[in-house]
Amino acid sequence: MLEKYLSSSRLTTITLVRLTSLVGILSLWNVADAVYFLGFLALYFVGVPMDIKATYPVRRLFLNLFGVALTLYFLSFLSLEDLLKPFSHIVLLLLSIKSLEEKKPRDLYQILLLSLFAVSISTAYNLSLSFLFLFILHSLLAGSSLVFLNLYRTTGDKRLELSIYKHYILVSLLLFLLVAVFTLPFFFLLPRTQTPLFDLISRGSGLKTGLAESVSLGKVGEIQEDNTVVFRVYGLPQDIKDPYWRVVVFGDYVKNTWVKVKEETFQMPSGSGDMVYTLVIEPSFDNLIPALDYPYRVLGVEGLSANAYMATGNTLRLSREINRAIRVKVSSSKSLYLEEDPRDYMRIPPDISPNLKRLAEELSANAKTDMEKLRNVIQHFSKGYSYTLKLEKYEGDPLDYFVFVSKKGNCEYYASATALLLRLMGVPARVVGGYKGALWNQYGGYHIVTNSMAHVWVEAYVEGRWLRVDTTPPYVSPSLERISTLALIRDSIVSFWYSNIVGYTSEKQIRLFRNIGEGLRAELKLENLRTRAFQISQLFLFGTALYLAFFLFQRLRKTPENLYRMTRELLEREGIVSKNLLPEEIISACKGTDLYNHVKFILSIYQRYKYSPYKVYPDEIEEGYKALRKLKDIIRNSRRS
């Protein structure tokens, strides 16, 4: 089979074009609907045996009519909500149709163009590191296809030697490398917009934390079994202890669910707070910005054109949903910035358990201050309670069952019971949702926060200030223990990709130009110019010395070329032969003289080395240099006589 392909430039070219288009089709996985994707992929492979046998039973007219009809059908679904999906279906349709047709050079060019459209569409949906490898593979195959397609157009369907294939493969690789090298300056220098070209296109559902609007009993436990990265943190010390990442505040408990407070917009304070760090947040399709307690201010947003503000509960928000990985510079302070009315966090659900009411009365019986009430609640949950993700089946009120029967639960059970007990005791309390902890990635020098770190805790208003209260027993999710060294290395690579390639925004470009300008201005100062001139002169002298040393080494080496050069220069200098003669002409000029045998031997070594496939051995070269010394002796003796 391989010989059949190598004997036909047509089959070789079609194979390369098919591989290129197949990569384009695969790039649309998770972009096009699965039914259409699999159907058109199957149709695409039906055309493979047709190309091998060079028989195409389906008439082109029928295929064209079929394509027009389905194209109109897909265009009927065109809308601003999902602008590119119908076009992805059309590209798949056209590639499958072209697969069934006879392939002239014009058709092959069209297939390559369609595959490029497919990859271009997929870039609006996928900018992951894995897509980079797919894009590189497509670029390499597309370049090779163009090279071999031009060969096929020139030579026709002829058998080609293997050496020709090797030559064209080398040309393809060089073309790919040249394109890659010349693309880099454009990446850094081409103007960029604040908003991506396809910003209006719906991208489907993103990472869901389950903490946006409400949190139900048992919900956080489900999230804690997921190791998906939510955000990465740069700029914090490696040994930070039990960080709490504030995301949302819940105010009312309704039917076993905490509902987010009605958020109002507040102006962020000035300055930079007590601690500054940078978050790279994964797409969540909400506007929540996690922040180390306690959030103070958003200092900058890269990758999304949006305004930041502070909301009720001392939480940070953006004016737009996060529909791509963005970089946010955040500051936190040692205390809450917003002074809120604690009476807003005293509401008790009408259907609250009587048992909880009795427990609240018991815990507050001997307490004279709110601080003592709080200590009694904390003390109550510190004995006899344990943490679990696998909740037991129960009947009746789940919170009642947790507090008085099982005494096993996850963080939302502890937070809910704590907050309601405090409210029953007359202490304002609210539930805060976010994340607890961070995993240090030594390979990238940053912290990782995953869904498995999702957590809720309580804030109680005591003695005129909000205090964090976390009655949940210490617990580490088993999913965190499954994170391997390889996973951390992979995440560091992904982080670099998003931060420096996908996240190379206009702000970074402006910063790059500004740094270049400042660097040039510094270099143009007189003292720096003198320093650079001295360094350049040193470098020039070193390079010159290195070149001369290499040149002398090459000239003095015992090689057939140097042996021939020294022999020719000797004969020209003595006037025996004129300049620019060929080796055979030099031998003829020496015929009939004492020099002839020596000259012929030396030049035969050079001719064999230069024009023959036979090897010249070191001992032969050594004999040639002996012959050159004899030539010099003969010429020197002839002068004396």
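Modeller: Lys85 forms a salt bridge with Asp33, with 3.3 Å between the closest N and O atoms; the term means a side-chain nitrogen of Lys or Arg within 4 Å of a carboxyl oxygen of Asp or Glu. Because Lys85 lies in helix α5 and Asp33 in the loop between α2 and α3, the pair ties together parts that are 52 residues apart in sequence. Side chains of opposite charge can pair when their charged atoms come close, and a search of the whole structure finds 25 salt bridges.

This is a predicted model, in which local features need pLDDT of at least 70 and side-chain atom pairs count only at pLDDT 80 or more, whereas totals for chains, interfaces and linings use all residues. Residues are numbered from 1 along each chain as its sequence is written, and side-chain values use heavy atoms, leaving out hydrogens and water.

The loop between α2 and α3 also holds Asn30, which has a positive phi of about 75° although it is not a glycine. Most residues other than glycine have a negative phi.

The contact (heavy atoms within 4.5 Å) is made on the α2 side by residues including Ile14, Leu22 and Ile25, and on the α3 side by residues including Phe37, Leu41 and Phe45. By class, the contact of α2 with α3 has eleven nonpolar, two polar and three charged residues, where Ala, Val, Leu, Ile, Met, Phe, Trp, Tyr, Cys and Pro count as nonpolar, Asp, Glu, Lys and Arg as charged, and the others, Gly among them, as polar.

Returning to helix α5 (residues 85-100), Phe87 lies there, and together with Val68, Leu72, Leu75 and Leu78 it forms a nonpolar patch on the surface, with about 420 Å² of accessible area together. Such a patch joins nonpolar side chains within 5 Å, from residues with over 30% relative accessible area and no salt bridge, and the areas come from the Shrake-Rupley method with a 1.4 Å probe. The largest share of the nonpolar patch, three residues, comes from helix α4 (residues 60-75).

Methods
Helix = DSSP H or I, 4+ residues; strand = E, 2+ residues; numbered from the N terminus. Patch = residues over 30% accessible without salt bridge, like charges linked within 9 Å, V, L, I, M, F, W, Y side chains within 5 Å.
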